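I am opening a notebook on this structure. The entries below record what I looked up.

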Amino acid sequence: MNNIKGKRALITGASAGIGEASAKVLASNGCDLILTARREEKLEILARKLREKYNVKVDIYPLDVRINESVEQLLENIKAAKTVPDFLINNAGLALGLEGVQEGFIYKWDAMIDTNLKGLLYVTRAFLPLMIKKGEGHIINIGSTAGWQTYPGGNVYNATKFGVRALSDAMSLDLVDTDIKVSCVAPGNCETDFSLVRFEGDKDKADTVYSKYKTLEAKDVADVILYILNTPSHVNIPYLRIMPKAQRNVYIFKEKSHKN
Ligand code: NDP
Ligand code: 8X3
C-alpha cells in the first residue's frame, strides 16, 4: 500500500538524525518534500541526493523553529509557491545537559522549551489552517520515551516531551471536526547526533549512551512514520512507542554482550 506517493511532507529538523532518515524514507516512497533546519548546507546536499535518486520534488528552507517571524516567513514562501503540505512532521528538537534542577542552566532550559514546545507550536499554528483548508492531512509530533518516564537530570527535557505528548492529544481533540489526523511517535534510545548535542560536542560522553546495547537507528523511526502515514484514511494511530529490543524502559536494558 502506498498512500503517500505524490503527497507532500514538511519536515522540521531534516538536516540530521530522525528528520533526515524520514526524508529519505518518504522520498523513496514517492513523497515530495519541504525540508527545514538551521543548517542549510546539509539540507542542500540531502535535497540534491533525493531529487536525483527518487525523482521527487524537494524544496529546502533554512528555519530556526524558535523564531516565529521566520516560521511566518516560511508560511508566506510556501503559500507563494503553492506547495501546501499534506503531512507535517514536527521533529526538530534537542536535549541540553543532564544537570539536576538545582544546578540547571537557564540558557539550556530556554533552548529546550523554545525548540521542543514553542517551536512545534509555532510551526503547527502556521500550517494547520492551510492543511485544514486543503482537506485530509496528518501531523506527526516526535515525542520520546522521555515523555513517558522521567530520569535524573532529564527534568526540563522530560517536561518538554511530556508536553509534546499532551499537545498531541489536545490537538487531536481540537481537530475532531476536520480530516486532520495527529500522531505522536515516541522513540527510545536512538543513535543520532542527539547525545553529541546534549553534551555540547563531547564525543566520548555521547558515545557511551550508544555503547551499552544495540540502539534504534534513525531509519527504524522513519519506517514507523511511513507506516503511520500510510494507514487508510479512516485509521488513526494516536501514539506509537518504538524501543530498542534491548531497552525495556529508561532504566531497564540488556547489556551489550548480547548486542542484537
Ligand atoms: P539530531 O541532533 O540528530 O537531529 C536534530 C534535528 O533537529 C537536526 O536536524 C537539527 O537541525 C534540528 N534542530 C534542532 N534545533 C532546531 C531549531 N531551533 N530549529 C530548527 N531545527 C532544529 O537528533 P534526533 O534526530 O535524535 O532528534 C530528532 C527528534 O527526535 C528530537 O525531537 C528528539 O527530541 C527526538 N528523540 C530523539 C531520540 C534519540 O534517542 N535520538 C529519542 C526520542 C526522541 P539544525 O541543527 O540544522 O537546525
Ligand atoms: C531521547 C531519549 O532517553 O535520552 O528522547 O531521553 S532519552
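I took helices (H or I, at least four residues) and strands (E, at least two) as DSSP runs, numbered from the N terminus. For the expected span of a helix I used 1.5 Å times one less than its number of residues.

Ground rules: the model is predicted, so I noted that local features need pLDDT of at least 70 and side-chain atom pairs count only at pLDDT 80 or more, while totals for chains, interfaces and linings use all residues. Residues are numbered from 1 along each chain as its sequence is written, chains are lettered from A and ligands numbered from 1 in the order in which they are written, and side-chain values use heavy atoms, with hydrogens and water left out.

**Helix H1**

I looked up H1, which covers residues 17–28. Its twelve residues reach 17 Å from first C-alpha to last, close to the 16 Å expected. I then checked burial, where buried means under 20% relative accessible area, exposed over 50%, and partly exposed in between (1.4 Å probe, protein chains only). The buried residues of H1 include Ile18, Ala21, Val25 and Leu26. After H1 comes Gly30, with a positive phi near 85°.

**Ligand 1**

I counted a residue as near a molecule if one of its heavy atoms lies within 4 Å of it. Ligand 1 has 30 residues around it, and Ser15, Arg38, Arg39, Tyr157 and Thr192 come nearest. H1, helix H5 (155–174) and helix H6 (194–198) each supply at least two residues of this shell.

For polar contacts I looked for pairs of N or O atoms within 3.5 Å. A side-chain N or O atom of Ser15 is 2.7 Å from an oxygen atom of ligand 1. Backbone N or O atoms also approach oxygen atoms of ligand 1, at 2.8 Å for Asn91 and 3.2 Å for Asp193. The protein buries 96% of the 880 Å² that ligand 1 exposes when taken alone; I note that these areas come from the Shrake-Rupley method with a 1.4 Å probe.

**Ligand 2**

Which residues are around ligand 2? I found Ser144, Ala146, Tyr151, Tyr157, Phe194 and Arg198. On its own ligand 2 has 240 Å² of accessible area, and the protein covers 83% of it.

**Arg125**

Arg125 counts as exposed because its relative accessibility is 61%. Its C-alpha is 9.6 Å from that of Glu72, 53 residues away along the chain.

Conventions:
Polar contact = N/O pair within 3.5 Å; in protein donor to acceptor, adjacent residues only side chain to side chain.
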